[in-house]
Amino acid sequence: MRSSENALEVDQLTRVFDVSSPWLNRMIERKPKRYLRAVQDVTFTVQKGRCLALVGESGCGKSTVARLVTGLYDPTEGAIVFAPARKGLRIGRPMEAQMIFQDPHASLNPRWRVGDIVAEPIREFGLRDTAEEVDVRVADLLKIVGLSPDDSRRYPHEFSGGQRQRISIARALASEPEFLVCDEPTSALDVSVQAQILNLMRSLQDELGLTYLFISHNLAVVRHMADRIAVMYLGRIVEEADTEALFGDPQHPYTQLLLQTIPDVAAPNRDRELMGGEPPSPLDPPKGCAFHPRCPLAADICSREAPPSRDRHGGGVVACHMAPST
Ligand SMILES: Nc1ncnc2c1ncn2[C@@H]1O[C@H](COP(=O)(O)OP(=O)(O)OP(=O)(O)O)[C@@H](O)[C@H]1O
Ligand SMILES: [Mg+2]
């Protein structure tokens, strides 16, 4: 750890997937192996008690970063370093970060009662000594997320989408994590319910001193939640800055387009038009800057040379040949 302030340091993270056809097909069709670079040279830090958001279009690598950070995937290259856990915590926990997923229906075992779903990490890590203490802790966790202790006897299907996400949050908190990775935690929910869950997550962050890596494609949500934002495009971070700096003075042309296209209920297709269609495939990324085919500012150099990440005017980093110099 370079700085004791950082909860997480991610350095030059790369993840490549082998997406080749099966061996026999390749032999018959004489096709080479194919590799997909889902995440490329991603570097960021998250300060303790803060929220860093990853934003970008579908397929840019957000969930892959989340899965790398929580240990669900191994990196192809690069390093992930968490700050040492707070003193007094019991050891033996397999992960330093807990994850909250988009679809609470899929992540909660439908055959288990809510009480057992929330109790499982407490039992597994031996965080309480007696069955009574486990029950008390489960009741506390359900109250913390705005449910009733009586809900522990019910099954996940008896709850609404928003309530199920509260159960997921209670379960994630059960193992007393300091770091939560939230992958589109509200994008499956109605707008009014989204706001309630986001507000719950913010107040939990304040009360428990949690650190968040928060993933969303919705910039309005991200602005509400994050202290700092990293914008991803085809596996790379193209701009990173404090939330107000990024919204007030976006310097990468991709960030500028994203900000113009904050989802509009009245014109759901407008963003696609403004953006110049779908992003290119990460299987066959454009040469030079991956964004140049869609970029309104693209010059010759952009199709030849990938722009390096450099200091951003006003703080942060930006990877664009055309961005203002510091
Ligand atoms: N296990 C895997 N095997 C092969 N390719 C994968 C795998 N996981 C992700 N990918 C590919 O990696 C790229 C990044 O995927 P990822 O799920 O990280 O994107 P995302 O930003 O989370 O997208 P979304 O907003 O749709 O959730 C995509 O091209 C995806 O098809
Ligand atoms: Mg995803």
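My first stop was D41, which I found in strand 2, a strand being a DSSP run of E over at least two residues and a helix one of H or I over at least four, both numbered from the N terminus. The phi of D41 is near 50 degrees, a positive value in a residue other than glycine. D41 counts as partly exposed because its relative accessibility is 33%; buried means under 20% relative accessible area, exposed over 50%, and partly exposed in between, with a 1.4 Å probe and protein chains only.

Before going on I noted the ground rules: this is a predicted model, in which local features need pLDDT of at least 70 and side-chain atom pairs count only at pLDDT 80 or more, while totals for chains, interfaces and linings use all residues. Residues are numbered from 1 along each chain as its sequence is written, chains are lettered from A and ligands numbered from 1 in the order in which they are written, and side-chain values use heavy atoms, with hydrogens and water left out.

Strand 1 (residues 6-18) runs antiparallel to strand 4 and is joined to it by five bridges, and I picked out E9, whose bridge partner in strand 4 is V81.

Six of the eight residues of helix 2 are buried, namely K62, T64, V65, A66, L68 and V69. Not counting residues up to four places away in sequence, T64 touches R15, F17, A38, V39 and Y73, contact meaning heavy atoms within 4.5 Å. Just after helix 2, G71 takes a positive phi of about 80 degrees.

The next entry concerns an open sheet of eight strands with mixed pairing, in the order 5-6-7-3-8-9-11-10. Its edge strands are strand 5 (97-100) and strand 10 (310-311), each of which pairs on one side only. Two bridges join strand 10 to strand 11 (residues 317-318), and the two run antiparallel; D311 stands opposite V317 in strand 11. Helix 7 (residues 191-208) lies across strand 3 (51-55), strand 5, strand 6 (179-183) and strand 7 (211-215), running at about 155 degrees to strand 7. In the loop between strand 6 and helix 7 I came to E184, which has a positive phi of about 50 degrees although it is not a glycine. E184 is buried, since its relative accessible area is 10%.

**Cores**

I turned to the nonpolar cores, each a set of buried Ala, Val, Leu, Ile, Met, Phe, Trp, Tyr and Cys residues joined through side-chain atoms within 4.5 Å. The largest has 57 residues, and those with the most contacts inside it are V118, I169, M201, Y212 and I229. Helix 6 (residues 161-174) gives the largest share of this core, six residues. Apart from it lies another core, of 28 residues, among them V42, F82, A97 and M99.

**H252 and helix 10**

My last stop was H252, in the loop between helix 9 (243-248) and helix 10. H252 is buried, as its relative accessible area is 1%. Leaving aside neighbours within four places in sequence, H252 is in contact with V238, E239, F291, V318, A319 and C320. Of these I noted C320, which is 68 residues from H252 in sequence and 6.3 Å from it in space, C-alpha to C-alpha. Helix 10 (residues 253-260) is mostly covered, with six of its eight residues buried, including Y254 and L257.

Technical notes. Two strands pair if DSSP finds at least two bridges between them. Axes are lines fitted to C-alpha atoms, for helices over the stretch in contact, and angles run from 0 to 180 degrees between N-to-C directions.
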